[in-house]
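Please look over the sequence and the model before reading on.

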Amino acid sequence: MSAIAGIYHLNKQPVSSKNSTCMMDNLSQFPANDVSVWQKENVFLGCHAQWITPESIGEVLPYYDAERQLAITADAIIDNRAELFESLQVDKAKRKGMPDSQLILLAYCKWGEDAPKYLIGDFAFMIWDEREQKLFGARDFSGMRTLYYFKNHEHVAFCTTIEPLLELPFIEKKLNEAWLAEYLSLTMVVDTADSFLTPYQTIQEVPPSHSIRIVKGEVRFRQYCSLLEGEKLSYRSNHEYVEAFQEVYQQAIDARLRTHRQVGAQLSGGLDSGSVVSFATKTLKKHNKQLHTFSYIPEEGFDDQTPKYLIADERPYISATVNYVGGIKDYYLDFAGKSPYSEIDDLLKTMEMPYKFFENSFWLKGMFEEMNAHDIGILLSGDRGNLTVSWGNALEYYAKLIKKMRWIKLMQEVNQLTKHTGGSRRKKLSIIRKHAFRSHEKEAYQLPKMINPAFATRTGVYAKLEKYGIDQSGWYGSDEDSDMRLKHFEALFHWNATGTLSTKLSLKHGLWKRDPTNDLRVVRFCLALPEDQFVQNGYDRSLIRRSTANMLPDKVRLNQRIRGVQGADWVYRTAPVWDEFIAEIECLTKDARMLALLNETTIKEGLEKIKKGPQQELDDDPHYRVLMRSLIVYRFIKQFS
């Protein structure tokens with residue numbers, strides 16, 4: 001894992017050592033095993049390297065291949081090494097120790113600008129092709145590593161993080177109102193719909209699934225990967241589906257265990273992280289290695305007032321998984337004294353932009369800090385699992401059975417569902433019928449509008465968002481889960497927020513967060529499955545439940561009654577500084593610049609609510625959430641004053 005940087009002078013002038021040193025010095029805030037640069041005339045490449053995999057130890061980056069006249073700097077872990085070695089006919093004696101960066105370079109030599117299509121893993125890289133006088137790079141399909149760039153008529157510069165770019169004398173630090181307008185208009189945990197935008201007007205981002213090519217001053221982007229293409233899978237039996245899934249899932253997890261340090265995993269009481277842990281320990285045990293699991297629990301004294309079907313303290317389910325799977329050293333972390341409010345400044349510096357996941361911010365950040373103290377090199381997660389390995393909305397599937405008039409199949413499913421979960425079969429059928437024939441207009445709660453209407457009009461943000469299928473509510477018009485799932489994998493902007501958090505927290509703490517539920521092979525496999533593989537015999541998320549038989553305890557594997565929820569104690573944690581929270585929001589309401597951006601009516605309505613004191617049961621209140629998001633934006637914008 002590395003932070004990469006580079007400068008390319010289009011005017012053929014040499015890159016000054018002052019500018020290259022400036023960029024690399026800024027990256028010194030992160031831990032590193034090696035810091036190196038390569039420079040030739042008007043091109044400079046740099047790498048601030050963290051050695052995570054065995055092959056990366058002692059890796060030379062940037063690397064220059066004199067024979068091919070190619071130089072590369074890379075932030076990459078490639079997971080399909082064995083497949084690439086065969087395709088590229090790499091000498092077997094050289095395979096074990098070959099760094100991933102050299103593998104990328106060989107792929108470029110064989111496939112040219114099509115090379116990213118053949119790479120599976122988390123990566124961002126840049127190659128200087130001396131013969132063609134071309135700068136070429138790419139970002140992995142889901143953008144799990146960041147890559148920012150700047151270009152004017154004389155200079156091109158790129159970096160893993162934004163701050164080193166802003167240190168360069170030819171790059172102006174200026175707020176990007178187009179980015180901010182989209183950020184304020186979108187209600188879900190997504191930054192912008194335009195994946196090129198950043199909060200800085202002069203700096204853009206290479207989107208996920210894209211390559212970048214710069215020749216003779218012309219920049220071209222190309223989307224090299226699309227997830228919704230491909231044939232559907234068809235096997236003869238459920239058993240064959242499970243076997244095929246287990247094979248591709250185990251392959252994805254095993255590829256993510258490559259580290260010379262300890263392996264850690266985020267573990268909740270659910271199926272996604274539980275499945276990752278159960279498959280990972282199977283392999284680690286063969287190598288006499290222990291898996292370290294880290295689980296968030298609420299702060300002592302918190303009174304869980306969530307609905308009965310939710311649970312904030314998942315320890316009963318987590319410990320059931322730990323005891324059943326074995327080979328695990330488990331840690332339970334309550335991050336006492338930490339809150340979303342206490343972590344704002346540090347996270348803004350780390351993220352280099354506002355963020356919306358404040359409810360979970362303190363423990364996500366805390367997890368990385370804790371793992372760093374335990375020499376964790378790889379942190380496994382199951383973040384994308386809800387849309388891949390554990391997809392399966394029973395209510396929506398049953399509604400489709402009604403519409404298709406498949407009555408026998410529907411009754412079989414509802415009978416099984418009633419057997420598993422209890423309750424009245426008649427009531428369940430009534431709920432299914434209402435769901436099937438409801439209006440498809442938005443039904444769920446929505447956040448109050450956060451953006452100032454005049455600012456929205458001035459920037460034309462709603463017209464722009466409409467091109468992405470997003471209406472003025474700040475999200476898609478359809479509330480069908482299946483539609484949302486396809487749009488998630490079709491639209492690139494869903495990935496950026498995840499990649500930004502993963503890259504920057506990983507870089508800061510010298511470890512790499514890796515998600516096998518987001519593996520390209522796993523994603524494509526799950527998207528190719530028939531829908532009845534995900535809902536079956538009265539179980540939602542059926543595929544992962546069947547695939548973890550004898551791997552997870554039934555208390556977890558077959559649980560359909562209780563769902564864990566993290567961050568439910570954020571109001572409780574913020575209560576000791578509630579007066580400070582109120583005072584800062586009051587300052588915001590007196591800041592003319594902020595009121596020109598934010599919706600004053602929404603802010604003042606929320607202010608009246610929080611003045612009544614911290615009410616734990618309002619942890620999911622729309623106005624509470626909008627005020628905290630507004631405060632984060634407020635602190636970020638202050639730096640432009």
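What follows describes a predicted model, taking a sheet, a helix and several single residues in turn.

**The sheet and its helices**

Five strands make up an open sheet with parallel pairing, and their order across it is 16-14-13-17-18. Strand 16 (328-333) and strand 18 (512-514) are the edge strands, each with a single partner, so one side of each has no neighbour in the sheet. On average, and with direction ignored, neighbouring strands of this sheet are turned by 25 degrees against each other.

**Helix 14**

Helix 14 covers residues 425-436, and its 12 residues reach 16 Å from the first C-alpha to the last, which is close to the 16 Å expected at 1.5 Å a residue. Its buried residues are Lys428, Leu429, Ile432, His435 and Ala436. Seen down the axis of helix 14, these buried residues fall within an arc of 125 degrees, and they therefore line one face of the helix. That buried set packs against helix 12 (394-403) and helix 13 (407-421), while Arg426, Lys427 and Lys434 are exposed on the other side of helix 14. Where helix 14 starts, a side-chain oxygen of serine 424 comes to within 3.2 Å of the backbone nitrogen of arginine 426.

**Single residues**

Threonine 306 is placed in the loop between strand 14 and strand 15 (310-311). With a relative accessible area of 18%, threonine 306 is buried, because buried means under 20%. Its side chain makes a polar contact of 2.5 Å with the side chain of aspartate 304. When neighbours within four places in sequence are left aside, threonine 306 is in contact with Ile311, Val565 and Ala568.

Glutamate 247 lies in helix 7 (residues 238-255). Although 275 residues separate glutamate 247 from valine 522 in sequence, the two are 9.9 Å apart in space, C-alpha to C-alpha.

A cis peptide bond, with omega about -5 degrees, joins leucine 61 and proline 62. Proline 62 belongs to the loop between strand 3 (43-49) and strand 4 (63-65).

Glutamate 41 is not a glycine, yet has a positive phi of about 55 degrees; glutamate 41 sits in the loop between strand 2 (34-40) and strand 3. Glutamine 89, another residue other than glycine, has a positive phi near 55 degrees, and its place is in the loop between helix 2 (81-87) and helix 3 (92-95).

| Residue | Relative accessible area | Class |
|---|---|---|
| Glutamate 247 | 60% | exposed |
| Glutamate 41 | 60% | exposed |
| Glutamine 89 | 71% | exposed |

Note on methods. Residues numbered from 1 in each chain as written. Predicted model: local features only at pLDDT ≥ 70, side-chain atom pairs only at ≥ 80, totals over all residues. Heavy atoms only, no water. Helix = DSSP H or I, 4+ residues; strand = E, 2+ residues; numbered from the N terminus. Expected span 1.5 Å × (residues − 1). Buried < 20%, exposed > 50% of the residue type's maximum accessible area, 1.4 Å probe, protein only. Arc of directions from axis to C-beta. Contact = heavy atoms within 4.5 Å. Polar contact = N/O pair within 3.5 Å; in protein donor to acceptor, adjacent residues only side chain to side chain. Pairing = 2+ DSSP bridges. Axes fitted to C-alpha atoms, helices over the stretch in contact; angles between N-to-C directions.
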